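The following exercises are to be worked with the sequence and the model at hand. Each task is followed by a solution in steps.

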Amino acid sequence: MSFTLVAETGSGVSGANSYATVSNADTYFEGQIYKDSWIKASAAQKAQALAMATSTLDTLVSWDGTKKASTNPLEWPRKNVTEKNGYAVADNIIPDVVKEATYLTALGLLESNRREEPGDAGIDELGLEGINIKFNKTDRSSILPHFVMLIVEDYGRIKGGRFASVSRA
């Protein structure tokens with residue numbers, strides 16, 4: 001059984017499982033420096049990574065606004081969303097920021113299984129005689145690449161409180 005990528009266009013595509021196409025992602029990565037994992041991947045692997053990235057984003061981001069229709073298989077398209085400058089985001093598109101987040105998350109997933117349990121990640125030292133274990137809490141990669149977290153925060157909030165918006169009164 002083969003996997004079929006179905007890209008959301010902003011119209012509420014039935015069976016959609018991605019915010020991006022392989023072709024659009026290929027075009028995006030043409031202008032990027034760090035893209036080796038994307039270039040080395042087969043078309044099938046790229047399609048699976050884009051679908052997995054979309055699922056990951058929809059699971060980890062509490063997007064602003066509301067789904068345009070409850071029957072949409074994905075979280076976008078959405079209504080009542082404004083971008084960082086206060087302009088309304090059309091409810092019949094997938095914003096470029098969401099597509100870029102999808103491309104970059106897919107790249108991260110091709111580089112390593114970021115959704116896998118970390119196992120021994122976070123351990124800096126392990127002793128035997130005196131049984132000394134030293135943990136390094138910063139030794140864990142987040143599921144979403146850091147840059148993705150930064151670019152999506154104008155359209156939603158990362159679940160789990162990794163980032164918080166601060167404003168002056």
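**Exercise 1.** Determine which residues of helix 3 and helix 4 meet in this predicted model, and classify them.

*Solution.* 
Step 1. On the side of helix 3, the contact is made by Gln45, Ala49, Leu50, Met52, Ala53, Thr54, Thr56 and Leu57.
Step 2. Their partners in helix 4 are Val98, Ala101, Thr102, Tyr103, Thr105, Ala106, Leu109 and Leu110.
Step 3. Sorting the residues of this contact gives 11 nonpolar, five polar and no charged.

**Exercise 2.** Describe how the axes of helix 3 and helix 4 cross.

*Solution.* 
Step 1. The two axes come within 8 Å.
Step 2. Their crossing angle is roughly 115 degrees.
Step 3. The crossing of helix 3 and helix 4 is right-handed.

**Exercise 3.** Locate the partners of the salt bridge between Lys68 and Asp91, and state the accessibility of each.

*Solution.* 
Step 1. The side chains of Lys68 and Asp91 meet at 3.9 Å, N to O. This value lies within the 4 Å limit for a salt bridge.
Step 2. Lys68 is in the loop between strand 2 (66–67) and strand 3 (78–79), while Asp91 is in the loop between strand 3 and helix 4 (96–111). The two residues are 23 residues apart, and the pair links distant parts of the chain.
Step 3. Lys68 is partly exposed, at 36% relative accessible area. Asp91 is likewise partly exposed, at 31%.

**Exercise 4.** Which residue forms a salt bridge with Arg78, and is Arg78 buried or exposed?

*Solution.* 
Step 1. As a general principle, side chains of opposite charge can pair when their charged atoms come close.
Step 2. The partner of Arg78 is Glu75, with 3.0 Å from N to O.
Step 3. Arg78 has a relative accessible area of 5% and is therefore buried. Glu75, at 27%, is partly exposed.

Key. Residues are numbered from 1 along each chain as its sequence is written. This is a predicted model: local features need pLDDT of at least 70, side-chain atom pairs count only at pLDDT 80 or more; totals for chains, interfaces and linings use all residues. Side-chain values use heavy atoms; hydrogens and water are left out. Helices (H or I, at least four residues) and strands (E, at least two) are DSSP runs, numbered from the N terminus. Buried means under 20% relative accessible area, exposed over 50%, partly exposed in between (1.4 Å probe, protein chains only). Axes are lines fitted to C-alpha atoms, for helices over the stretch in contact, and angles run from 0 to 180 degrees between N-to-C directions. A crossing is left-handed if the near helix is turned anticlockwise from the far one by less than a right angle, and right-handed if clockwise. Contact means heavy atoms within 4.5 Å. Ala, Val, Leu, Ile, Met, Phe, Trp, Tyr, Cys and Pro count as nonpolar, Asp, Glu, Lys and Arg as charged, and the others, Gly among them, as polar.
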